[in-house]
Amino acid sequence: MTEITPAILPKDYDDLKNSISLVRGTVPLVQIDICDGIFVKNTTWPFNGGSFDPHFTAILNEQEGMPFWEDMDFELDLMVSDAIANFDVYTKLSPKQIVFHAEAVGDLSDFKDFLEGIDPYVRDSIKIGVAFNTTTPIEDVAPLVPFVDYVQVMGIEQVGWQGQDFDERSIDQIKALKEKFPDLLISVDGSVNMETAPELVAAGAERLVVGSAIFNSGDIIGTIEELASL
């Protein structure tokens, strides 16, 4: 079975909560796309509106939890410019997994040092992934592989937006990674749907992160089950 993770690009807290409720009880984990309007032009919860959402502040202050935290685990896809500087802040959202974007973290050798320096307790409780664009050479990412739990290949050229055309270069990236790192868990995010998913799985992807193809379908649960059966 292919692991399917619904991707939520939340406009605000209500959108986040409503989207999670649609897949609650169907999947164990959702990906929350966090965009700061700097690394990518799009902005999402908690950055939109010119100030942090009050729910975000309350979560950081341990006055409340993430929506449906009792039933759902979260992966934070950090499409932000401050992922390293505010790593400790993002961990307060109690994620099960965190994805950094190679193009957003600055010098990759410094990023490798950061990964090596993460507290072992944090590493035991949070899986760390690194995402990279279709234009980023595999050779740039390869030195990071020993220090992450998985990689996230982007299936689109412009990250931070849903509903884009599929970028075929991601297929070559998956194949190259699988050849070089046979045991590496490869996730794919961006333009994953019924048409592209079989090709991605055939190339070596074990996990598919799916946004609009799930939430815009007329049968959310059925779509998840069909994708998982690939």
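Strands E7 and E8 and helix H8 make a right-handed β-α-β unit. Here a crossover is right-handed if, with the strands pointing away from the viewer, the path from the first strand over the helix to the second runs clockwise. Helices (H or I, at least four residues) and strands (E, at least two) are DSSP runs, numbered from the N terminus. The model is predicted: local features need pLDDT of at least 70, side-chain atom pairs count only at pLDDT 80 or more, and totals for chains, interfaces and linings use all residues. Residues are numbered from 1 along each chain as its sequence is written, and side-chain values use heavy atoms, with hydrogens and water left out.

Strand E7 covers residues 185-189. Four of its five residues are buried, where buried means under 20% relative accessible area, exposed over 50%, and partly exposed in between (1.4 Å probe, protein chains only). E7 runs parallel to strand E6 (residues 150-154), and five bridges join the two. Two strands pair if DSSP finds at least two bridges between them. Val153 has Val188 of E7 as its bridge partner. E7 is also parallel to E8, through three bridges.

The loop between E7 and H8 holds Ser191. Its phi is positive, about 60°, although Ser191 is not a glycine. Ser191 counts as buried because its relative accessibility is 18%.

Strand E4 (residues 97-101) is largely enclosed by the rest of the structure, because five of its five residues are buried. Both faces are covered. Gln97, Val99 and His101 lie on one side, and Ile98 and Phe100 on the other. E4 has parallel partners in E3, over four bridges, and in strand E5 (residues 127-132), over five bridges. Leu78 is bridged to Phe100 of E4. His101 is bridged to Ala131 of E5.

Phe100 belongs to strand E4. It counts as buried because its relative accessibility is 0%. Contact means heavy atoms within 4.5 Å. Not counting residues up to four places away in sequence, Phe100 touches Leu78, Ala83, Ile84, Phe87, Val105, Phe111, Phe114, Ile128, Gly129, Val130 and Ala131. One of these, Phe87, is 13 residues from Phe100 along the chain, and their C-alpha atoms are separated by 9.9 Å.

Helix H10 spans residues 220-228. Its buried residues are Ile220, Gly222, Thr223, Ile224, Leu227 and Ala228. The cover over these residues includes strand E1 (3-8) and helix H1 (13-23). It also includes helix H8 (197-203), strand E8 (207-210) and helix H9 (212-215).

The second largest pocket holds about 200 Å³ of space. Of the 13 residues that line this pocket, Gly65, Met66, Lys92, Leu93 and Ser94 are the closest to its centre. H2 and strand E3 (73-79) are the elements that give two or more residues to the lining. By class, the lining has seven nonpolar, two polar and four charged residues. Ala, Val, Leu, Ile, Met, Phe, Trp, Tyr, Cys and Pro count as nonpolar, Asp, Glu, Lys and Arg as charged, and the others, Gly among them, as polar. Pockets were found on a 1 Å grid over the protein atoms alone: a pocket is an open set of points with protein on both sides within 12 Å along at least five of seven lines, and lining residues have an atom within 4 Å of a point. Grid points are joined across faces, edges and corners, and a volume is the space filled by probe spheres set on the points.

Several loop residues complete the description. Ile38 lies in the loop between strand E2 (29-35) and helix H2 (54-60). Ile38 is exposed because its relative accessible area is 62%. Its C-alpha atom is separated by 23 Å from that of Val209, 171 residues away along the chain. Pro46 is also placed in the loop between E2 and H2. The peptide bond from Trp45 to Pro46 is cis, with omega near 10°. Glu62 lies in the loop between H2 and E3. Glu62 has a positive phi of about 60°, although it is not a glycine. With a relative accessible area of 74%, Glu62 is exposed.

Notes:
1 Å grid on protein atoms, 1.4 Å probe; cavity = no way out; pocket = protein on both sides within 12 Å on 5 of 7 lines; lining within 4 Å.
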